[in-house]
Amino acid sequence: MSADTVEIPNTTPTISFEFFPPKDVQSEANLWKTIDELQQFKPDFVSITYGAGGGTRDRTVRIASEFIAKTGVQVIGHLTCVGSTRAELVEILGEYKDAGFHGLLALRGDPVGGPTAPWVTTPGGFDYADQLVELASEIGGFSIGVAAFPDVHPASDGNFMQDINVLLRKEALGATFAITQFVFDSGRYEALRNALDARGSKLSIYPGIMPVTSYPQIVRMLELSGGYMPKATRLRFARYQNDPASLKKLGIDVAVQVCEDVFALGAEGLHFYALNNAGPTSEIIKQLSMLNR
Ligand SMILES: Cc1cc2nc3c(=O)[nH]c(=O)nc-3n(C[C@H](O)[C@H](O)[C@H](O)COP(=O)(O)OP(=O)(O)OC[C@H]3O[C@@H](n4cnc5c(N)ncnc54)[C@H](O)[C@@H]3O)c2cc1C
């Protein structure tokens, strides 16, 4: 398939996995083991994260190239605007193209001080992700995705309609799909989907599914991302914070329920935050009869 004919297959629901570039030899061996195990589910695409500020640039590109060569599965490369000039972003997009990336997840990235810290403009760079969407559209050859926030972007002061307008603007500039922050309340996914539908959006919205395996980790992630977990679910996780086996099982049960709920609401795909670990994600998929994999 040439880069100009890139498209994400419309096998409803799609399955995709998110991986992050490993830091050392041992973690890399672990990632390839994870990839081997998850291949049995025939993912429609995988996405590889990018360290805001460019810290993982070389690793993101290398892991993706090797992954494409080994599996032939489509890769979406995340890219952030943090700390990069427009010219540098053009260069990185060239690297993504040469490496055979099929698509791009165009992100602003978070400021160094965290998601709600003041944004620091890089001279000659971009202030918002829509500028990166526009640039990638101009360059062409990528399927362009963006981030969506069913619980509202942490820097949007709770202004849900601002986020909807931002998504519509990105769509008008060339984005065709969005991957959401992790979803624990399918009602919020539904509200996002309905608000976009009501404005005539054709964006595919892939809900992010997080298999919880550690209580402190999920509490921290929720804090950082401004993500929402219903109180009753949170209390259930808290009860098992010192019982890893029960917590992991609960994490799988909760994720299976969210997958079933968003699927019933018409989600086009499920995007698993696999966190470079096959076990919990495999368990969830095995329990989802509608995936038929
Ligand atoms: C699926 C997913 C994957 C991610 N992967 C990574 C990753 O690989 N690396 C990483 O560092 N981070 C990653 N993140 C985190 C992400 O970078 C942060 O959540 C970041 O804040 C997302 O910004 P954005 O792309 O939505 O930015 P923007 O669209 O720029 O939005 C940022 C804020 O500005 C507002 N805004 C947007 N456009 C405008 C405009 N034109 N005028 C005025 N206001 C505007 C928005 O409403 C929002 O409040 C990921 C997040 C998700 C959901």
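Visitor: Which residue of strand 4 is the bridge partner of H78?
Guide: The bridge partner of H78 in strand 4 is L105. What you see is a predicted model, in which local features need pLDDT of at least 70 and side-chain atom pairs count only at pLDDT 80 or more, while totals for chains, interfaces and linings use all residues. Residues are numbered from 1 along each chain as its sequence is written.

Visitor: What makes strand 3 and strand 4 a pair?
Guide: Two strands pair if DSSP finds at least two bridges between them, and strand 3 (74-80) and strand 4 (103-107) share five bridges in the parallel sense, so they pair. Strand 2 (residues 45-48) also runs parallel to strand 3, joined by four bridges, and S47 has I76 of strand 3 as its bridge partner.

Visitor: Why is the crossover from strand 2 to strand 3 called right-handed?
Guide: The word is used if, with the strands pointing away from the viewer, the path from the first strand over the helix to the second runs clockwise. The chain goes from strand 2 through helix 2 (residues 57-71) to strand 3, and this β-α-β crossover is right-handed. The crossover from strand 3 through helix 3 (residues 86-99) to strand 4 is right-handed as well.

Visitor: Which residues come nearest to the ligand?
Guide: T49, A52, H78, R108 and A129 come nearest, out of 24 residues around the ligand, where being near means a C-beta atom, placed from the backbone, within 6 Å. Strand 3 and strand 4 are among the elements giving two or more residues to this shell, and helix 5 (160-172) gives the most, with three residues.

Visitor: How do you know that the radius of gyration agrees with a compact globule?
Guide: The rule, 2.2 Å times the number of residues to the power 0.38, is set against a radius taken over C-alpha atoms. For 293 residues a compact globule would be near 19 Å, and the protein chain has 18 Å, which agrees.
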